[in-house]
Amino acid sequence: VIAISLHFVLRCRRGDKTAGTDATFKSSSSLLSACTVAAYATAIEALSTDLLGLVPQYHPSSFGASTATALFCGNFGVILLNSNWLTEDGGKTALDVMEKMVNITMMRGAQCGGVVTFEDNHKPPGGGQPDMPQLTAVRSRVVNSKRSDLSKGIRRQVVKDACTPFTGRLRGAKKGDESFVRGFFGHTRFATTSKVTFDGCHPHRWTPRSKCRVYYPFSSKPTQKASKHVIYVENFITHNGDLDFYEINGKNFDLGAIQSWLVHATGAKMPTTVDSCAIAGLVDLLRTQGCFARSARYAVSFGLSTSKIEANPVVPLPTGHEYARLGLLFEQELDEMLPSYNDSLDDIATSIEARAELVKRVYQKILPEFEEVKDNMVAEDSPEAWSRPYVALARFIEDEELGGASLRKFVAVTVDAFFDNDLLQTTKLFLANAKGSFGLMVSSSLDAHKQVCVAARGQSASIAFYPRMGLICYGSEQAAVKAGLNYSTPGGDLALDSSTRGSCEETRRLDLDDLGGEICLLDWHYKGEEEP
């Protein structure tokens, strides 16, 4: 409207040729042309971005810049170690800190953003014991409009998704409850190679929330007895950078192959074509501690000489149901062993001999019927054969003398993944085999009550520790982690005992080594488990 009005006014002025000399007319004519072009350019830009939603994409190479120096997308997060952040004002000040961090991180991109937090619902779906935290993720995502403030938009969405109506208090913020530590893990995005869409917003999750049978806890405390629980599991990541390739058995596979293969390997549809979401899918396959079904899937996907990524696998991968049935065979043998090891998962995990015993027991249990299938004594398409969980596995197992994909190798890799592949090991395995640049946050509903991983390689990441406030801030921008300096702790700072006074109570910042690559496991302890 402004462009058309301006054009009309200038055209009227141009029509009055008697208003000045020829020189004046030529000058005003030039001004008319310039103003008209500028006005219509503004109008076209406004229509294309506001009405049609077309956003220009930036490709660093076209401007002579390298991807290593281009700063797009950013991670941020807040961990509330002091329960006062939640209980005194219902989380209002905590959300102030989060909003400030988003506002600063927006310099890296503000087209969309999101946050995930975890709530402890204490209601295990399978009737498990309530001593294991039963976490539910609450993800809030926003696609920013052209003239709005993303930091305020994210906060509004978090309040809508994670707070109680009318009061605006974060759910679960109960006075005197210090057993559960709350975290908010987020990301802002600038779409460098794809269109800005809601499903492209971080945090990303590949596999939808699903039930899983897990053992708990992995603790060295003698009073902590192992038990099985059926709980819901979901994994989330935020990532700035690029995932280009992933290596298995010395061969690199590109992003397109990874994305197509993940559909078959996880049994879940691709949520979005954004490269970062594929990292979430790989995390689903790597985070297996405590679950034999997922550990068996890890062994087939990564641990055998026959493991590879195929966009359309020639040999069908086992289904989730088949992996679960394989896992039962492992569970039966572990359950028989546990009484001899004080019912402690840690006692078996830390003993080479105990692990070897478990491998031997499972191997001997499976071998007779497995060989029957391999020797075609039972036809693979018969109902009898398909009722046995290892028929699907037989396609990926080679003769024992070859070693790299033998049945014994499969059992050993599965047992090790069951004990070892916690959140830290998951992040280490991913970065050891991934090619690209990574500013990364990895979280899981299995661990979010006590742990989160932050990693950097080719992208910056900083973590600020505020001991007296009971606050941790991490982010891609150093300035963002200083947000805690601008607020006071609701209800007052923590009263530190004499053993933690002095240098331990000072605010400190850790800058991760983004050149050589570094992972930081933030482990803040969970009541009832051993101290980290």
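Ground rules, quickly. The model is predicted, so local features need pLDDT of at least 70 and side-chain atom pairs count only at pLDDT 80 or more, while totals for chains, interfaces and linings use all residues. Residues are numbered from 1 along each chain as its sequence is written, and side-chain values use heavy atoms, with hydrogens and water left out.

Let's start with charge. Side chains of opposite charge can pair when their charged atoms come close. I call it a salt bridge when a side-chain nitrogen of Lys or Arg is within 4 Å of a carboxyl oxygen of Asp or Glu. How many salt bridges does the structure hold? The count is 23.

Take K152 and E99. Their closest N and O atoms are 3.3 Å apart. This pair links distant parts of the chain: K152 sits in helix 5 (residues 150-162), E99 in helix 4 (residues 92-105), and 53 residues separate them. A word on terms: helices (H or I, at least four residues) and strands (E, at least two) are DSSP runs, numbered from the N terminus. Buried is under 20% relative accessible area, exposed is over 50%, and partly exposed is in between (1.4 Å probe, protein chains only). K152 is partly exposed at 41%. E99 counts as buried, at 16%. Both residues also belong to a network of salt bridges that links K92, D96, E99, K152 and R155.

Next pair: E234 and R205. Here the N to O distance is 2.8 Å. Again, distant parts of the chain are linked. E234 is in the loop between strand 6 (227-233) and strand 7 (235-248). R205 is in the loop between strand 4 (182-189) and strand 5 (210-216), 29 residues away. Is E234 buried or exposed? Buried, with a relative accessible area of 3%. R205 is partly exposed, at 22%.

The closest N and O atoms lie 2.9 Å apart. R213 is partly exposed at 29%. E331 is buried at 4%.

Now the strands. Strand 1 (residues 74-80) is mostly covered, with seven of its seven residues buried. That holds on both faces. One side carries G74, F76, V78 and L80; the other carries N75, G77 and I79.

What does strand 1 pair with? Strands pair if DSSP finds at least two bridges between them. Strand 1 runs antiparallel to strand 4, over seven bridges. G74 has T188 as its bridge partner there. Strand 1 is also antiparallel to strand 12 (residues 471-475), through five bridges. In that pairing, F76 stands opposite G475.

Five strands form an open antiparallel sheet in the order 8-7-9-10-14. At the edges are strand 8 (251-254) and strand 14 (518-523), each pairing on one side only. Neighbouring strands are turned by 30° against each other on average, direction ignored. Axes are lines fitted to C-alpha atoms, for helices over the stretch in contact, and angles run from 0 to 180 degrees between N-to-C directions. Within this sheet, four bridges join strand 9 (residues 434-444) to strand 10 (residues 451-457). G439 stands opposite A456 in strand 10.

Last item: helix 14 (residues 423-433). Which strands does helix 14 lie across? Strand 7, strand 9, strand 10 and strand 14. Helix 14 runs at about 165° to strand 9. Contact here means heavy atoms within 4.5 Å.
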